[in-house]
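I opened this model to look up a few local features and some helix packing. My entries follow in the order I made them.

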Amino acid sequence: MSGFWFIVARDLRLSLRHGADTLAALLFFVIASALFPLAVGPAPETLARLAPGIIWVCALLAALLPLDRLFGADFEDGTLDQLLLTGLPASAVALAKAISHWVTTGLPLLIVAVPVSLMLNLDTAALPVLLLGLLPGTALLSLFGTAGAALVIGARRGGVLLPLLVLPLTAPVVIFGVAAADAAGMGMDVRAPLLFLTALFVAALPLCPLAAGAALRGAVE
Amino acid sequence: MLDVQEISAIRGERRIFGPLSFSVDDGDAMLLTGPNGAGKSTLLRILAGLGRLAAGSILWNGNDALADRAAHGALVSYVGHLDAVKPGLTARENLGPNALEGLEAMALSHLADQPARFFSAGQKRRLALARLVCRQAPIWLLDEPTLGLDVASVARFGEMLATHRAQGGMVLSATHLPLPLPGAKELRLS
């Protein structure tokens, strides 16, 4: 168990040292969201209507940015071999990586979503529900992303392949996430979409690390 | 005791080596020699549980070592061609638990809090070797461990190897350079 948290702590420390990489995903999120008022026009009603969708899609794309290096750097410098020799199952190594991705990307995106939603004139009643949906939503992006990143280790042009693998998987996450925020905006029941998101998270929590672990074993062979 | 029975490795359509059988007792050392491409690195990775074993079995104290690769990994310290050193972390952070003992063994204590990006290639190599001491695993698998080391460091590494073997650990090393491993058996791959 101590080995597990050692991997998480080491990755968090590395992200702090390379703060620019972490910040890049957040800035991408802010800039991409800020382009929408320019593209669809600054009418407050239009923006309020589109805000949940804009925030979800931009958060999803921003979460993809650091995935390329999630295992890439460790594979190239030999660290991945050492991680698989720590005595932890490969799936636990993958879960540790997913946690560090969420803490360095998912959680900051969740926080930055607050000012972005104000910028996009999101209904204040919908904001708490949007954030509540982003909580399992960003965790799901980290889990799917970890599995995808593990699969493309060592592949030529892996960075291009990765979004093609991960984005289709995230379709249900976006559907239920936006549905929850929309329902809150219209004063409807938000429980069903939020429960669906949570159910997806509960299913992905064991499955994605297992898949990623198998991919890690395959990558070093 | 590590008992290797009739193992072979295949890459693509080509057999790299095998069938190959040997055993290494606690406290023993074995040198893997042979020309480039003979499969020394592949054999070491297979023994570490990282590579793919095409046939045969590897027994650790009589039990199938690769049945639980995670548990086997904890018994192994592997130093490959790559140093697995993160430039953004200090020497101490790179090693993790028991870092100070490892740094002491490779005479890097004075650089403990230096970021590894300031290290020379030889110092990075010494840091990778220091990890052997930190991990306290019984099986050391070394792939060209002394490449790029100065004479004093090779001598220090020799002491490390001797201490490890005196404590009942075993060493398997691929090498083209003479290693300070007195009484080591030799396995020639061709």
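**Glu144(B).** Burial would need 20 or more. I note that the model is a predicted one. I then looked up the backbone of Glu144(B). Its phi is near 50°, a positive value in a residue other than glycine. I place Glu144(B) in the loop between strand 7 (139–143) and helix 6 (151–166) of chain B.

**Ala107(B).** I also looked up Ala107(B), where phi is near 55°. That value too is positive, in a residue other than glycine. Where does Ala107(B) lie? I find Ala107(B) in the loop between helix 4 (99–105) and helix 5 (121–135) of chain B. I count 13 other C-beta atoms within 10 Å, so Ala107(B) is partly exposed.

**Pro19(B).** Next I checked a peptide bond in chain B. The bond from Gly18(B) to Pro19(B) is cis, with omega near 0°. Pro19(B) belongs to strand 2 (residues 14–24) of chain B.

**Chain B against chain A.** How many residues of chain B are in contact with chain A? I get 20 residues of chain B, in contact with 18 residues of chain A. On the chain B side, helix 2 (69–75) and strand 6 (76–79) are the elements that give two or more residues. Helix 2 of chain B supplies the largest share, four residues. By class, I list the chain B side as 11 nonpolar, five polar and four charged.

**Core.** I turned to the largest nonpolar core, which has 114 residues. Which of its residues touch the most other members? I have Ala59(A), Ala150(A) and Leu216(A) from chain A, with Ala130(B) and Leu141(B) from chain B. Helix 7 (residues 127–151) of chain A gives the most to this core, 12 residues. Leaving out residues up to four places away in sequence, Leu216(A) touches Leu80(A), Leu84(A), Ala90(A), Val93(A), Ala94(A) and Ala150(A).

**Helix 3 and helix 7, chain A.** I took the helix pairs of chain A next. Helix 3 (residues 44–64) packs on helix 7 at an angle of about 30°, with the axes 10 Å apart. I therefore call helix 3 of chain A roughly parallel to helix 7 of chain A, since the cut-off for that term is under 35 degrees. The crossing of helix 3 and helix 7 of chain A is right-handed. From helix 3 of chain A I list Pro52(A), Ile55(A), Ala59(A), Leu60(A), Ala63(A) and Leu64(A). They meet Leu130(A), Leu134(A), Thr138(A), Leu141(A) and Gly145(A) in helix 7 of chain A. I sort the residues of this contact into nine nonpolar, two polar and no charged.

**Helix 7 and helix 10, chain A.** The axes of helix 7 and helix 10 of chain A come within 8 Å. They cross at roughly 20°, so I log helix 7 and helix 10 of chain A as roughly parallel to each other. Their crossing is left-handed.

**Helix 9 and helix 10, chain A.** Helix 9 (residues 171–185) of chain A packs on helix 10 of chain A at about 150°, with axes 8 Å apart. That makes helix 9 of chain A roughly antiparallel to helix 10 of chain A. I note a left-handed crossing for helix 9 and helix 10 of chain A. On the helix 9 side I have Pro172(A), Val173(A), Phe176(A), Gly177(A), Ala179(A), Ala180(A) and Ala183(A). They meet Pro193(A), Leu194(A), Phe196(A), Leu197(A) and Leu200(A) in helix 10 of chain A. By class, this contact has 11 nonpolar, one polar and no charged residues.

**Pro193(A).** My last entry takes one residue from that contact. Pro193(A) lies in helix 10 (residues 191–220) of chain A. Is Pro193(A) buried or exposed? I count 22 other C-beta atoms within 10 Å, so Pro193(A) is buried. Pro193(A) touches Phe176(A), Ala179(A), Ala180(A) and Ala183(A), not counting residues up to four places away in sequence. I also looked up Leu135(A). Pro193(A) and Leu135(A) are 58 residues apart in sequence and 13 Å apart in space, C-alpha to C-alpha.

How values were computed. Residues are numbered from 1 along each chain as its sequence is written. Chains are lettered from A and ligands numbered from 1 in the order in which they are written. This is a predicted model: local features need pLDDT of at least 70, side-chain atom pairs count only at pLDDT 80 or more; totals for chains, interfaces and linings use all residues. A nonpolar core is a set of buried Ala, Val, Leu, Ile, Met, Phe, Trp, Tyr and Cys residues joined through C-beta atoms within 7 Å. A residue is buried if 20 or more other C-beta atoms lie within 10 Å of its own, exposed if 12 or fewer, and partly exposed in between; C-beta atoms are placed from the backbone. Two residues are in contact if their C-beta atoms, placed from the backbone, lie within 7 Å. Axes are lines fitted to C-alpha atoms, for helices over the stretch in contact, and angles run from 0 to 180 degrees between N-to-C directions. Angles under 35 degrees count as roughly parallel, over 145 as roughly antiparallel, 65 to 115 as roughly perpendicular and the rest as oblique. A crossing is left-handed if the near helix is turned anticlockwise from the far one by less than a right angle, and right-handed if clockwise. Ala, Val, Leu, Ile, Met, Phe, Trp, Tyr, Cys and Pro count as nonpolar, Asp, Glu, Lys and Arg as charged, and the others, Gly among them, as polar.
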